[in-house]
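Notebook open, model loaded. I wanted to look up the ring pairs and then the ligand site.

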Amino acid sequence: MNKRIYMVCHGNICRSPLAKFLLIKKLAEKGVSGIEVDSAGTSGSHAGQQPDARTMANALTHGLDTSSHRAKQFKSTDFAKFDRIYVMDSANYSDIMLLAMNEEDRSKVELFLEAAYPGSKDSVPDPWYGDEKGFEKVYNIIDKACGIIADKLKKGEMP
Ligand code: 4NP
């Protein structure tokens, strides 16, 4: 059966689209099939937009084209559509938990970096207000974590 993974951040234009593209890339490289990956934002203020220009430009320096992405807002009906919901930071975690209707919904939500590094409780920093260096830092954090998550998915270690 397919596993469906949802990457969630605030605007769905910086961190979560990157996490979606990078996890899809790692899974393909590692020959893992049967996993669908999508992304959304807790806010709808950028709905319909491409990733932030700085995210797209930085990803391109790593050979990753994210321009096909269009932002969308997380909806409470999405809980039923996904098996795991990986949120980028603790504010996203609180926002998504408020939308959860029951324990099953809540059990699907986890910090993205917690999934890669159990016990870390770390957030992926929000690069929106920072400079180019912040986008490079975020790329590297997400790239590394997606590699670890893809390895765990390959070994069947993820819930
Ligand atoms: P993201 O970054 O949550 O990683 O997509 C942000 C994008 C937009 C805003 C904040 C963070 N904003 O305030 O509009």
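I counted aromatic pairs and got four, taking rings of Phe, Tyr and Trp (its six-membered ring) with centres within 6.5 Å. One of them is Tyr6 with Phe74, tilted, at 5.7 Å centre to centre and 40 degrees between the planes; under 30 degrees counts as stacked, over 60 as edge-to-face and the rest as tilted. Tyr6 is in strand E1 (residues 3-9), while Phe74 is in the loop between helix H2 (53-61) and helix H3 (78-81), 68 residues apart. Helices (at least four residues) and strands (at least two) are DSSP runs.

A note on the source: this is a predicted model, with local features needing pLDDT of at least 70 and side-chain atom pairs pLDDT 80 or more, while totals for chains, interfaces and linings use all residues. Residues are numbered from 1 along each chain, and side-chain values use heavy atoms, without hydrogens and water.

Next, the ligand. I listed the residues around it (a heavy atom within 4 Å), and they include Cys9, His10, His46, Asp126, Trp128 and Tyr129.

Then I checked polar contacts (N or O atoms within 3.5 Å). A ligand oxygen is 2.7 Å from a side-chain N or O atom of Arg15. The protein buries 91% of the 350 Å² that the ligand exposes when taken alone (Shrake-Rupley, 1.4 Å probe).

Definitions and conventions
A polar contact is a pair of N or O atoms within 3.5 Å; within protein, one must be able to donate a hydrogen and the other to accept it, and residues adjacent in sequence count only if both atoms are side-chain atoms.
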